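Thanks for making the time this morning.

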Amino acid sequence: FKTITLGVFKNLMNKIISAHLIILSLIMPQLTLAGIESRPNNVDDAYVMDKGTAYLAFGYLYVKDSDSTHNYSIPLNAGYGLTDSLEITLELPYTKIDPENGRSEKGMGDLAIRPELVILKESDSVPQMSTALVIKFDSGSNEIGSGTTDYGLFLNASKVFDKIQLNGNVGYSFLEDADDSIFLGASIEYSISDSMTLIGEAWTEMPMDSNDDDVAEILGGVTYDISDTVTLDFGIGTGLHKEDIDLRFTMGATYNF
C-alpha cells in the first residue's frame, strides 16, 4: 500500500510540476504579444508593406528558461499589404516544451493575427508612426495552447538616419489568465552593406500586478538579403533578470513577393 501511495503521489507531483512549467513557458518568456512581424526582433518597426505585396517567413526558435526548461518552436509568419497604409500579418507556431522535470509536450500553438495601420508618415522632422492590434486566439492544442484569447494594442515609431534606423514600441496586453502588462521596447538597425543589416534591441514586459516580476531581454542579430526576394535572419539574446530566460536563439528566412 505504501509503495502504491508513493507511486501515485510521485506521478501526481510530476504532472503538477509539468503543468506549472508549461504555464511558465507559455506566459513568461513569450508574454509579449509584440514582435510577430519582425524577424528576428521582438520590437517591430512602424513601416508596412506596399499594397498588394506579401511575404512568407519560416523560422526556428530555441529558448532555455532559467529553470532549464527547453522550448523549441517553428513559427510560420505571413503578411499582406491591404493598402499602402494597412497590412495584416499572421503567426502560427509549432512548439515543443521539454521541462527538466515532467513529460515533454508538443503541438500547434495559438494563432495570432496582427493588423497594423500607419497613422503618421515619416518626414525629415518626424518619425513614421503606426498602431497595431494583436489578437491571439485560443486555437492551439490542449498541451501547448494557452487556452485563452488575448489582445494587445501597440504604438510603433521608426526613423531612418542614413544607414541607421531607430524603432520604438509602447504597448498594452490584455491577458485573460494573467495580469495585464505594459510593453516597452527599442531597437537599432545598422546597414553595413546593401544586403546586410546588424540589429540590436532591448525590451521589457511589466505586469500591472506589482507582485509579479518584470520580464526584460536584449537581443543582437543580423539579416542578410541573398536576393531581392529572400532574406535570412539570425539572432541571439538573453534575459536581464535572474528569473528571465537564459538564452534565446532564432534563425529563419523570409520570402517577399
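Let me start at the surface, where Tyr60, Ile74, Leu92, Tyr94, Met108, Phe234, Ile236 and Met251 form a nonpolar patch with about 670 Å² of accessible area together. Please keep in mind that this is a predicted model. Strand E3, residues 86-98, and strand E12, residues 230-239, each supply at least two residues of that patch. Ile236, for instance, lies in strand E12, and it counts as partly exposed because its relative accessibility is 44%.

Stepping back to the whole chain, we find one helix and 13 strands, and buried residues make up 41% of its 257 residues. The chain exposes about 13100 Å², of which carbon and sulfur atoms supply 62%.

As for the neighbours of E2, strand E1, residues 54-64, pairs with E2 in the antiparallel sense over nine bridges, and Lys64 has His70 of E2 as its bridge partner. These two strands form a hairpin with five residues between them, and in the turn Ser68 has a positive phi of about 70°. E2 also pairs with E3, again in the antiparallel sense, over 12 bridges, in a hairpin with four residues between the strands. There Ile74 stands opposite Tyr94 in E3, and both of these residues belong to the nonpolar patch with which I began.

Definitions and conventions:
Residues numbered from 1 in each chain as written. Predicted model: local features only at pLDDT ≥ 70, side-chain atom pairs only at ≥ 80, totals over all residues. Heavy atoms only, no water. Patch = residues over 30% accessible without salt bridge, like charges linked within 9 Å, V, L, I, M, F, W, Y side chains within 5 Å. Areas by Shrake-Rupley, 256 points an atom, 1.4 Å probe, with all protein chains shown as cover. Salt bridge = Lys/Arg side-chain N within 4 Å of Asp/Glu carboxyl O. Buried < 20%, exposed > 50% of the residue type's maximum accessible area, 1.4 Å probe, protein only. Pairing = 2+ DSSP bridges.
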